[in-house]
Amino acid sequence: MAENGEFSFSSGGMKKAAAAAFSNGLPKIQTHGREKSENGICHDDSGPPVKAKTIDELHSLQKKRSAPTTPIKDGAQQGNAAFATISEEERQKLQLQSISDSLASLTRETGPKVVRGDPARKAEATKVAAEHHHYLTPTISVSDSALKFTHVLYNLSPAELYEQAIKHEHGSFITSTGALATLSGAKTGRSPRDKRVVKDETTADELWWGKGSPNIEMDEHTFLVNRERAVDYLNSLDKVFVNDQFLNWDPEHQIKVRIVSARAYHSLFMHNMCIRPTPEELEDFGTPDFTIYNAGQFPCNRYTHYMTTSTSIDLNLDRKEMVILGTQYAGEMKKGLFGVMHYLMPKRNILSLHSGSNMGKDGDVALFFGLSGTGKTTLSTDHNRLLIGDDEHCWSENGISNIEGGCYAKCIGLSKEKEPDIWNAIKFGTGKCPIKLNMHFELESFIFFCPNVCKFLAVLENIVFDEHTREVDYSDNSVTENTRASYPIEYIPNAKIPCVGPHPKNVILLACDAFGVLPPVSKLTLPQTMYHFISGYTALVAGTEEGVKEPQATFSACFGAAFIMLHPTKYAAMLAEKMQKHGATGWLVNTGWFGGRYGVGKRIKLGYTRKIIDAIHSGSLLNANYKKTEVFGLEIPTEIEGVPSEILDPINTWAEKEDYEVTLLKLAGLFRKNFEVFANYKIGQDGKLTEEILAAGPNF
Ligand SMILES: Nc1ncnc2c1ncn2[C@@H]1O[C@H](COP(=O)(O)OP(=O)(O)O)[C@@H](O)[C@H]1O
Ligand SMILES: C=C(OP(=O)(O)O)C(=O)O
Ligand SMILES: [Ca+2]
Ligand SMILES: [Mn+2]
């Protein structure tokens, strides 16, 4: 095989030559006679020559154009006459027109010149655009921004976004499992106090305003000022990312969303979090129902009315738009859209829920309500059950549907042993594909998962990793306590895809009680469920820093006051009606402390909480023996398989019984005070339920 001069261990001739060379010190480079043949010039003819005459030509060969998307379907057959005569070129032009409209300045009344493709390959992209007339020329040129191209990176694949992030975004790294590590900048959590909602004739009456409400008003004009600021910023960039995706797995109530952003990280995050359209669905996407302008790297102008910081998240329900300035925390986009669903869905008599959801093999569905960090994601991701979703759902006449296409897990202290499914989802790789192929073979029918379009990429926000091995240290909170992983639901092996399920059997309210006085589990009556749902209690400690002695009680109506748009009693009435109609049981589960408050007691082991949840799912806890607690009047079981009985009544676990009583009364007082504002509201049609709910609070 040494025929063309290649080195080979098996060649005796070479061995000899090498030995000879070594005997004179350094090895001599061997050349063979044959290479010197023509005109004494050496030829490196080890392989066939490349089919390119220049480096540029060579590079142009590297990427082939994607296979054309589905051929234009027969309109009549599809029942979609409008699309019947449209050519591929025409369709692409309409798509670009739609993006240009999205990015339009409202004062210059025209969209920017948009062109598809990566500006880094400018010549290529512009040439393609020119050939196909895919860019749009504004009719009135009144600013420099109308003279330049805004490159649109439209619904890029995870691999493309990966590359964009690594190449162009400071702080982007590949971790040992291939997940993308990124930084969200100065903001590592949401900024609820910087959220503004346009108050106009309609929303003034419809929305919840005033004390306790998350909706801080802004006028239409100020919204437009911020919108213009965001759009001008985005148009000034070389390129913007555009995601066209869906929300809600219930096809009857699906919403089309467009996210325009400046960072690959943001585009990838939303690729994971929203429902991903198939190529066919994308073809017919048309005009979005809602658009986000994420100009998070650019601050708002503090001279602008209503601005109190340089961060502003502005919602305009009439224009169906949201503007983000001055925060790059990606959760702002997903939770912003959740707020929109909290407005749109109740209009259709659908209840939007800040809850996780999973389903047993027999079709029993459970909901997990809870504030941030109380365990929705952790407990709904259960290896023995099918995951419907970890955070945002709808409850309609059809049952439960997930709003999102992915999960967003807290990852501080994440361990492979305790949370294997989440751990394994933090990667670059393939997942269960949502496209099912039904094959019938003789008498049997098989389901194959389509092998295409199922390469995904998890994003890790603000985590710390070893600079050499790139192993993530999930215990490190140097950047923030709120480290996060976003991954597509297809990464969870037992995800229920499509993410829908029947009416729930169990409604679990999670509270992380850092006072350590709430029982690990209690069975609730319907009025109690409503009382605790409206209260939305959790108590967390600021961080893991020492010096934090007093737990902070948080009451967040409907376990999501930051996202609800209507008065909490509207959602509560819908929940009561649905739970009654479908016979669901309410439970209160404390995933927080026992044996004393934070600093004295301990957090209940995740393993115990899982046993409690198992007993709820199996139905065994429904028929257990119960006793009633003082003050809160909660029914607590005396025994649960796999859980030490003494921890079921928290008083047993406190060394100082008096201290327990004082703390219990203190918490009861906080509940009572918080509920005062709801005392004057009627819940549902039935005045009796309202009274029962008021009576379901603590008695002392
Ligand atoms: N007993 C417990 N039950 C639930 N979660 C627990 C428990 N003990 C510790 N944890 C931790 O608390 C965090 C819960 O976060 P997560 O499930 O992401 O909350 P959410 O989805 O409600 O925001 C996880 O980091 C989890 O490991
Ligand atoms: C992403 C969030 O949700 P959660 O903590 O409920 O998972 C958030 O509140 O920013
Ligand atoms: Ca089509
Ligand atoms: Mn969560």
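A polar contact is a pair of N or O atoms within 3.5 Å; within protein, one atom must be able to donate a hydrogen and the other to accept it, and residues adjacent in sequence count only if both atoms are side-chain atoms. The model shown is predicted: local features need pLDDT of at least 70, side-chain atom pairs count only at pLDDT 80 or more, and totals for chains, interfaces and linings use all residues. Residues are numbered from 1 along each chain as its sequence is written, chains are lettered from A and ligands numbered from 1 in the order in which they are written, and side-chain values use heavy atoms, with hydrogens and water left out.

**View 1. Polar contacts of ligand 1.** A polar side-chain atom of arginine 603 lies 3.2 Å from an oxygen atom of ligand 1. For glutamate 419, a side-chain N or O atom is 2.9 Å from a ligand 1 oxygen. Glycine 375 uses its backbone: an N or O atom there lies 3.1 Å from an oxygen atom of the ligand. Ligand 1 alone exposes 570 Å², and the protein buries 90% of that (Shrake-Rupley method, 1.4 Å probe).

**View 2. The shell around ligand 1.** Ligand 1 is surrounded by 17 residues (near means a heavy atom within 4 Å). The closest are Gly373, Lys376, Thr377, Thr378 and Thr609. Two or more shell residues come from each of helix H12 (376-380) and helix H16 (606-618). H12 gives the most, with 3 residues. Helices (H or I, at least four residues) and strands (E, at least two) are DSSP runs, numbered from the N terminus.

**View 3. The open sheet.** Nine strands run in the order S1-S2-S7-S8-S9-S11-S10-S5-S6, with mixed pairing (two strands pair if DSSP finds at least two bridges between them). Strand S1 (113-116) and strand S6 (217-218) are the edges, each pairing on one side only. Strand S5 (residues 195-198) pairs with strand S10 (residues 312-316) in the parallel sense, over 3 bridges. Arginine 196 has aspartate 314 in S10 as its bridge partner.

**View 4. Confidence along the chain.** The mean pLDDT is 87, and 83% of residues reach 70 or more (pLDDT is the predictor's confidence in each residue, from 0 to 100). Over residues 33-38 the pLDDT is below 50, and this stretch has 9 contacts beyond near neighbours in sequence (contact means heavy atoms within 4.5 Å). Residues 125-133 are also below 50, with 14 such contacts. Where pLDDT is low, the predicted coordinates should not be read in detail.
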